[in-house]
Amino acid sequence: MSDANQTLQRYKSTCQDLGFQPCKYILAVLEKEKKESMEDFRDSMHLSLAGNNHLMTDIRLTDQDAQTLHKALSNNLYVTTIDLRYNNITDEGAKHIAKLLEETAILRELNLMANDIGPAGAEVIAKALQGNETLVNLRMTGNKIGNKGGMFFAQMLQVNEALENLDLGDTDLGTESIIAIATVLNQNSSLRALNVNRPLLFTHQEEPTVHFAKMLKVNRSLQEIHLQKYDMRDFGVTRLAENLMENFCLRYLNLSCNRITRDGAKALAKYLKVNTPLEVLDLGFNRLEDDGALHLAEAITTYNTNLTTLVLTSNNIRSKGLCAIADSMKFNSSLTQVYIWGNHLEEPAAIAFASLLESGRLESKDTDVRPYVVDGVTILSELSHQIRRHYYWKPSYGDDVPDPKT
């Protein structure tokens, strides 16, 4: 099967062989692809079957649909990416998806975000990936695979050499599985991006953070890591910063929604002064306050030339710290995106950022605030311009529609 028409016909015949009624949603998507491919030739297809696409469907796919997709797409050479987010696929459906991963010769991306897959489903998918050589992007976000499921993915990372992007955020990982993943990544040389946000940790010793810090000191492939909601304190972020000084691969570091204060910010400022390749630093929803912002501003002003994006939303920063960040942008030409909403946006800070926007140093699309004047007083309003605003959802129409594969 090498085109949309053959894929559509194979799906219909598969439903007939299994005695299932074809899913109207899947039929509509394949019919649309067939029509569009006739007008504009394509050699591959992104099969988007997201359950929250209200313009296309009001139903969610089930395990039965996963079974028909497995049979229909087995040995398919046209569909290269599949989006199954926000459906009702359980462990039973995961078995069929695992079989597809074992048999596929071309599938490169699979999105299973926000389904009902548990530890048993994680086991079969992880085992299928041990022999898979094509898949480079897997999202398991929001599936409650737990600590046990996380251990299966850690075992998979010991063997798999093709996977480049793995998202296990919001999957209820535990301390053991987090440490296992960090340990495996000491040797893994293929993974480029890892999301392990919001694990269920019952410790205040910050063992997971310390293990990730030691791993980042020796890992030479990881370029993006998300450590959100780790209950990370200054001790943990200091260990992280110390080890990152010897890392020259990481470009995206997400430490948002933790308990980092000014001392942690000081450690990160020392790391930024080394001028490593880090381009994106997300410190949103911490407790940096003015002193933490001043430490970061000093590093940005005088030492760092690689950082392009800095997120400081909701950090209890007042005018002194925000003005220092704004002033640092006058000397640093590489920093282009700054997000500050949720802090104390008093008039001095509002004037400072209004000046950056009016001068063109900071563009409106690269920040989350917009200035306006009322009775001679400059005030900042909020813009919906977060750096990961399409992570959980994406618009279906309008000027802000992202790439279908995101």
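Reader: Which elements do the buried residues of helix 13 pack against?
Author: This is a predicted model, in which local features need pLDDT of at least 70, side-chain atom pairs count only at pLDDT 80 or more, and totals for chains, interfaces and linings use all residues. Residues are numbered from 1 along each chain as its sequence is written, and side-chain values use heavy atoms, with hydrogens and water left out. With contact taken as heavy atoms within 4.5 Å, the partners are helix 12 (319-331), strand 11 (337-339), strand 12 (369-374) and strand 13 (377-382).

Reader: Which residues of helix 13 are buried?
Author: Buried means under 20% relative accessible area, computed with a 1.4 Å probe on protein chains only. Helices are DSSP runs of H or I with at least four residues, and strands are E runs of at least two, numbered from the N terminus. In helix 13 the buried ones are Ala349, Ala350, Ala352, Phe353, Ala354, Leu356 and Leu357.

Reader: What follows helix 13?
Author: Helix 13 covers residues 347-359. Next comes a residue with a positive phi, near 90 degrees: Gly360.

Reader: Which helix gives the most to the lining of the largest cavity?
Author: A cavity is a set of points on a 1 Å grid over the protein atoms alone where a 1.4 Å probe fits but cannot get out, and lining residues have an atom within 4 Å of a point. The lining of the largest cavity includes Ala66, His70 and Ile97. Two elements give two or more residues to this lining, helix 3 (63-73) and helix 4 (91-103). With four residues, the one that gives the most is helix 3.

Terms used
The expected span of a helix is 1.5 Å times one less than its number of residues. Buried means under 20% relative accessible area, exposed over 50%, partly exposed in between (1.4 Å probe, protein chains only). On a 1 Å grid over the protein atoms alone, a cavity is a set of points where a 1.4 Å probe fits but cannot get out, and a pocket is an open set with protein on both sides within 12 Å along at least five of seven lines; lining residues have an atom within 4 Å of a point.
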